[in-house]
Amino acid sequence: MTEQSGHIHSYYSPGDLYRKIVAGLETLGKDLATITLDDLQPVDEFHIRGDTATRELIELAGFSPDMHILDVGCGIGGSSRRLSRDTGCRVTGIDLSDEYIDTASRLTDLLKMQERVTFQACSALDLPFEDSAFDGIWSLQMNMNIEDKSGWLREIHRVLKPGGKAVLYEVCGSNNSPLVFPVPWAQDAAMSYLVTPERFRDAVVDAGFTVQVWTDKTGLARKAFANAKQPEGEPDLPALGVYLLVGNDIQLKAYNLRRNLEEDRVTLLEIVAVKADSDSP
Ligand SMILES: C[S@@+](CC[C@H](N)C(=O)[O-])C[C@H]1O[C@@H](n2cnc3c(N)ncnc32)[C@H](O)[C@@H]1O
């Protein structure tokens, strides 16, 4: 692991994560034998607009039960499980964080979904899969931690079957910089690599994809964070929340994300990119 990816890996390695999630569920009076996807939502959908965005992306993707989808940068697997439950498809999730992957697998076992949804720790820049191994790619808010956008996009293009779709839900930069830190994906500037939407689109096309859908969701992101307040004093945290994944300063991170959105420093994009069919010229 390079120094840079080591820094990112430790940011996403909170320690004792599964036990903390189980403790949160118990505090909320949930019975582990009967927990549902909805019970886990406050902690396992770590992207802007959470489960609402996941459901919109599922609709957009149109994946079917016979498909095997790769979730790149899956976190603790919330949207992998939702995708599989709602469409019937098989999902493999990968993430840099061994602790997230361990937690993702154990939560999936609890939900008895392990036959359709599995996980593996590795880097998105070096995927341990054959060429054309997957029918679709699903990647929600992970490009921000990747400096080598072209390397990452070429790698997902490589493992996708010809004619397959990559569904990306990504944060990019905007007209103003630098960002105000910390933000939910980075404690400091050394782990955040945002490019403008134009540069991101060029990288998607250069990797060999055709852009089929390109929707700016920044307005909805602004609405979602409009009430994020600058924290004062000790944080008042719920039993279950994404602070378990990235630290108790989550309210400051949410407030800074609000500022970055309102001050035109970040954008949010929904993208469907297609790999050419082998028959295409
Ligand atoms: C903001 S979280 C999003 C997690 C998940 N997609 C979700 O929506 O809940 C970003 C994720 O990207 C992962 N990540 C960052 N760099 C990575 C890399 N080079 N390879 C694989 N995963 C990476 C992090 O470990 C983290 O789980």
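**Close-up 1. The loop that holds P178 and P182.** P178 sits in the loop between β5 and α8 (197-206), and P182 lies in the loop between β5 and α8 as well. Helices (H or I, at least four residues) and strands (E, at least two) are DSSP runs, numbered from the N terminus. Welcome to a predicted model, in which local features need pLDDT of at least 70, side-chain atom pairs count only at pLDDT 80 or more, and totals for chains, interfaces and linings use all residues. Residues are numbered from 1 along each chain as its sequence is written. Look here for a cis peptide bond between S177 and P178, with omega about -5 degrees. A cis bond also links F181 to P182, where omega is near -5 degrees. For context, most peptide bonds are trans.

**Close-up 2. The crossing of helices α4 and α5.** Helix α4 (residues 50-61) meets helix α5 (residues 78-87) with axes that come within 10 Å and cross at roughly 45 degrees. Axes here are lines fitted to C-alpha atoms, for helices over the stretch in contact, and angles run from 0 to 180 degrees between N-to-C directions. The angle makes α4 oblique to α5; angles under 35 degrees count as roughly parallel, over 145 as roughly antiparallel, 65 to 115 as roughly perpendicular and the rest as oblique. The crossing of α4 and α5 is right-handed (left-handed if the near helix is turned anticlockwise from the far one by less than a right angle, right-handed if clockwise). From α4, D51, T54 and I58 make the contact, and from α5, S79, R82, L83, D86 and T87 do; two residues are in contact if their C-beta atoms, placed from the backbone, lie within 7 Å. Sorted by class, the α4 contact with α5 has 2 nonpolar, 3 polar and 3 charged residues (Ala, Val, Leu, Ile, Met, Phe, Trp, Tyr, Cys and Pro count as nonpolar, Asp, Glu, Lys and Arg as charged, and the others, Gly among them, as polar).

**Close-up 3. Helix α9 against helix α11.** Helix α9 (residues 218-225) packs on helix α11 (residues 250-262) at about 140 degrees, and their axes are 9 Å apart. This makes α9 oblique to α11. α9 passes α11 in a left-handed crossing. T218, A221, R222 and F225 of α9 make the contact with A254, L257, R258, L261 and E262 of α11. In the contact of α9 with α11 there are 5 nonpolar, 1 polar and 3 charged residues.

Close-up 4. Find S123 in the loop between β3 (117-121) and β4 (134-140). S123 is buried, because 21 other C-beta atoms lie within 10 Å (buried means 20 or more such atoms, exposed 12 or fewer, and partly exposed in between, with C-beta atoms placed from the backbone). Neighbours within four places in sequence aside, S123 is in contact with S5 and L96. S97 is 26 residues from S123 in sequence, and their C-alpha atoms are 8.8 Å apart.

Close-up 5. R49, in the loop between α3 (37-44) and α4, has a phi near 75 degrees. R49 is partly exposed, with 18 other C-beta atoms within 10 Å. Q141 belongs to the loop between β4 and α7 (149-159), and its phi is about 50 degrees, positive although Q141 is not a glycine. Q141 is buried, with 20 other C-beta atoms within 10 Å.
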